[in-house]
Amino acid sequence: MPPAPGPRSRSAAVAALVVALLLAGLLGVLHVYLTRPFWYDEIWRAHFVSEPARSMWSELTVANTPSAFGWLGLTRLCGEVFGWHSWSLRLPGFVALPLLGAAMVLLARRFAGTAAAVIAVLWLCLNSTLLDLTTQLKPYAMETAAAVAILLLWMAGPADTATGAADGPTAAHDGLGRSRLGRSRPDHPRLDRGRLVRRTLAGLLALLAVPGIFMVVPLVAVELWRGPARRWRLVECLPALILTAADTVAFIAHQSSQRNGDYWDRQFLAGRGPWSALRFVADQVRETVTGSVPGIDRFDPSLLHGAVHGGPFGSVPALFVAVAVAGAGLVGIVVLARRPDGRLLLAALGGAELMMLAASAARYWPFGPTRTNLFVVPMIVIVVAVGAERVIRRLAVAAGAQWALPGPELAAGDPKAVTLTQTPPGHVDTWSLSDISGSDVAAGDGAETTRDAVVSPPPAPEGGSRGLRARAVVLLPVAGLLAWSTCGALTVAASLSDGTALWDHRDRLRGLDRMVDAAVAARQVARPGDVVAVGGRLARPGWLYAMEASDDRPRDPSALPSGDPAGTPDAEASADPQAAVPAGVVDHPAAATAGTPVPANQRLGAVLPQPTPVRTPPATTGPDRATELARRGSGDAGTPPRVARGDTVFFGGDAPPLVAGLAARAHPPRRLVVFVFDIERAGLAGQLAALPRAGWCAARAWSFPLTGTLTVYDHCPAPSPRPAGSADALR
């Protein structure tokens, strides 16, 4: 029968619950991010999530980055159940953040006190970069939560004295530090069904994360490193290995087309000489240590990034913090290496980094502090927090802080308590880091105790050098405490430095986040026999999602084309292309130049103020989405029908030129409805300029900020015959 939960486990559970509620409340404040329209880096993921099953496998070959099978399936389930809205697809990421906070508290509490564990968790989970990623349709928050949960499952249960591997911290304590006296292990190794179940659950969680294999393989390697029960441990780990290997080889590798591009070249080890490779690794380690949270993304320019602001001191505070973080990390490594579960965490962290470095040499995975490697950040933070707590406790003890040690009353009744004794004058006892074992912290509520330790108050100040040394003994620990406290304040401030920007940007435009509006406008103006042409390689997945799947309403319905639902604008027949421009629309004249460069503040990922969105009731959704889409496609209830993929032509990138694509169609189109992504407009200028020569004349255009331009093209009118008596006819 398992022992009853002790005070340590109860305090960890309460702290985990409090942190989860705090993070849930924070996301409640940021709930407006749930309903924001998708921008470019989200809407392409929405397309691959919503792609019909019959064509999903072929579509995944051109995915921008791979998605894990579990994450894609869970997000697709939310779309099928709640409707294909931006809020429903972002929901898994929002739920993952409180779960990450709770799981990380439980993991950190194994190695540190409650206060240190909570501070470490909030240091990461309140970070502006992590919150920016969490509020978008991206898998990184879920992958990070899955990585922490995998570690918890791997450490849960009794210690394995036969193999030297440990599910718990020590052979005398279970997973939460409780005594396991009186419970013995069998003399002969055998299959542990509980461990088999936990390893299988860890493998299932790894399906939620693309880098899940980077967690499972190092943990399995630790299990199989030594011991007579190696065969049984392999059997217990096989389900996790099979699940992660199948997901990686059969599903994730199928989506590895981006390794042929140049986006991640800066983070690849591939193609570098020996000295360049060493410098690359050193640079990435430096970038990792100097992050506002060690290991947080410093690559993606579209994310919010915190930084240590030195003010008049320049880069000195940032250097000061980096040295402190590196020192705390080294101390944390020493402390954790003395514990079986600490060694397991270090093996998972080190093994994941080595596997990522090897994968970057083959252009399969970026190395360094990027958003794809967010899953290792909790482990780095815990290592730093454990080291920082140990150093601070040492300094507090050395400074004579009575709160760090039991008082004389407790020492009399506790055989393990510290005994306060007086030593001869002039003698000062010193403490060594090796005097404290890794289990000392886990034995109590984060308090550090050592049997028969002797702490002597400093001798009275004396004159000369002995007096100076005595005063230094008192002042140096105090100065050290102040220095570490300053470092902690600077790192927390850096982590939260862009939190106000996250709030201020809640109603700002980002690249391609008016794609749903543009697709609805195309549905309104398209008529039977028309062809919709979409220009821009980056625009294709977003257009397909907005046209074929999205149940969201337009962000600004007043800026859409006017007229009946069939798409007959009131003033479309007017010869003046500027006539009857709907309010709020930036109308382009027919002779607009195609190669106008996009201003710097309107490039992909930029933010601009926008009007308050019009709140419209959500689109009707039901359990049978196919029936609903069929109803919409028929144009019932005044809803403009969706344009079928067969009536859509894509140009730009590797696709054929637009004029050639139109000529290859069996039936010439009646009209053209052309959408061009703003970012790629300059590169498509030549193809747009060829349309008048092919007999297509622009009639009217609508512009969607930071997204693109929608233009209707008609057949150019035939030239009128010249009068017989004209000057040209007499020539």
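Predicted model: local features only at pLDDT ≥ 70, side-chain atom pairs only at ≥ 80, totals over all residues.
I number residues from 1 along each chain as its sequence is written. I keep in mind that local features need pLDDT of at least 70 and side-chain atom pairs pLDDT 80 or more, while totals for chains, interfaces and linings use all residues, and that side-chain values use heavy atoms, without hydrogens and water.

**Helix pair.** I looked up helix α9 (residues 140-155) and helix α10 (residues 193-206), whose axes come within 9 Å and cross at roughly 175 degrees; helices here are DSSP runs of H or I with at least four residues, strands are runs of E with at least two, and both are numbered from the N terminus. Axes are lines fitted to C-alpha atoms, for helices over the stretch in contact, with angles from 0 to 180 degrees between N-to-C directions. The crossing makes α9 roughly antiparallel to α10 (an angle over 145 degrees). Among the residues making the contact (heavy atoms within 4.5 Å) I noted Ile-150 and Trp-154 of α9 and Arg-198 and Leu-205 of α10.

**Leu-34.** I found Leu-34 in helix α2 (residues 32-35), and Leu-34 is buried at a relative accessible area of 16% (buried means under 20%, with a 1.4 Å probe and protein chains only). Leaving aside neighbours within four places in sequence, Leu-34 is in contact with Ser-86, Trp-87, Arg-90, Leu-91 and Phe-94.

**Helix α21.** I saw that 11 of the 11 residues of α21 (residues 515-525) are buried, and that their cover includes α3 (40-50), α22 (539-548) and β8 (672-677).

Terms used:
Parallel < 35°, antiparallel > 145°, perpendicular 65-115°, else oblique. Buried < 20%, exposed > 50% of the residue type's maximum accessible area, 1.4 Å probe, protein only.
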